[in-house]
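Thank you all for coming; I would like to walk you slowly through one protein today. Please take a look at it first, and then we will begin with its charged side chains.

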Amino acid sequence: MMTRRWLRIGIVLAVVLPLTLAAQRRFRGSPGNNPNPNVTYDGRFTFVRVRFEPLGGSWDLKWDHDYPRAESHFMKILQEVTGVRPRMDGSNILPFDDPELFKYPVAYVSEPGFWTMSPTELQGVRDYVAKGGFIIFDDFAGEHWYNFEARWREAFPSLKIVPLELGNQIFDSFFHIESLEMTHPMQGVPSQFLGAYEDNDPTKRLVMIANYNNDIGDYMEFSDEGFLPISLTNEAYKLAVNYVIYAMTH
């Protein structure tokens, strides 16, 4: 049973940690305003982050949360533990309506609670999935669900979002994930994992996964700073590795 001392520590961390991370983010500014140059396609796996106009607009671009440290750290892990030889010298930032995106099997969308699409981006995300692309939605919680769900239904009216259970192939595609009990690193709410299948057929491939009430990008970004629990950071990396391996084999 949790003692009062540890309970007090937990409450303090729940309040202070989000403020600390938010302050760091504000101090660093929005890195998407001055991104590193995209790397040229050469056949190797390359981390691709999707750019979009954030709902409401602000100094915070949303889609660039955890950039570029999350992808940089993740590529090191992916190279270290798998046979994948990813680009280590950079990553890409592309909108859904850039044909260049079709060269890459996995697209990462941060903060889909603020996701918007132009008409060409709407067609682009449909084409990307139709051509075999896999999308990871991450870093959203609470009421952010409503915008994500609305944008998904706008893009794919017939593709249902369904809960993913622990026995799903995606949780066993490289690491054997033993538990989905995670919490959002800043809000502490229980995570949920959802997806959508091609033709709504569970025997076919998942076309996307949504880490609702979770933020594996945050776990990966701060994995070298000791802000977040090592155990949950390890689970975030396992999930990210599994997502890539699943996408490249389905």
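Let me start with a term: a salt bridge is a side-chain nitrogen of Lys or Arg within 4 Å of a carboxyl oxygen of Asp or Glu. With that rule in hand, you can find Asp42, Arg44, Arg87 and Asp89, which are linked in a network of salt bridges, and the count for the protein comes to 14 salt bridges.

Before I go on, two notes on where the values come from. This is a predicted model, in which local features need pLDDT of at least 70 and side-chain atom pairs count only at pLDDT 80 or more, while totals for chains, interfaces and linings use all residues. Residues are numbered from 1 along each chain as its sequence is written, and side-chain values use heavy atoms, with hydrogens and water left out.

As for the overall layout, the protein has six helices and seven strands, where helices (H or I, at least four residues) and strands (E, at least two) are DSSP runs numbered from the N terminus. Of its 250 residues, 50% are buried, and here buried means under 20% relative accessible area, exposed over 50% and partly exposed in between, with a 1.4 Å probe and protein chains only.

Returning to the salt bridges, Arg69 and Asp224 meet through their side chains at 3.0 Å, N to O. Arg69 lies in helix 2 and Asp224 in the loop between helix 5 (216–221) and helix 6 (230–249), so this pair ties together parts that are 155 residues apart in sequence. Another salt bridge joins Asp199 and Lys204 at 2.6 Å, N to O; Asp199 is exposed, at 52% relative accessibility, whereas Lys204 is partly exposed, at 35%.

Which side chain of opposite charge is nearest to Asp64, a residue that is buried yet has no salt bridge? The nearest one is Arg49, 6.2 Å away, where Lys and Arg count as positive and Asp and Glu as negative, with His and the chain ends not counted. Asp64 sits in the loop between strand 1 (48–50) and helix 2 (69–81).

Finally, please look at strand 7 (residues 206–212), in which seven of the seven residues are buried. Strand 7 runs parallel to strand 4 (residues 134–140), joined by four bridges, and it pairs in the antiparallel sense with strand 6 (residues 192–197) over six bridges; two strands pair if DSSP finds at least two bridges between them.
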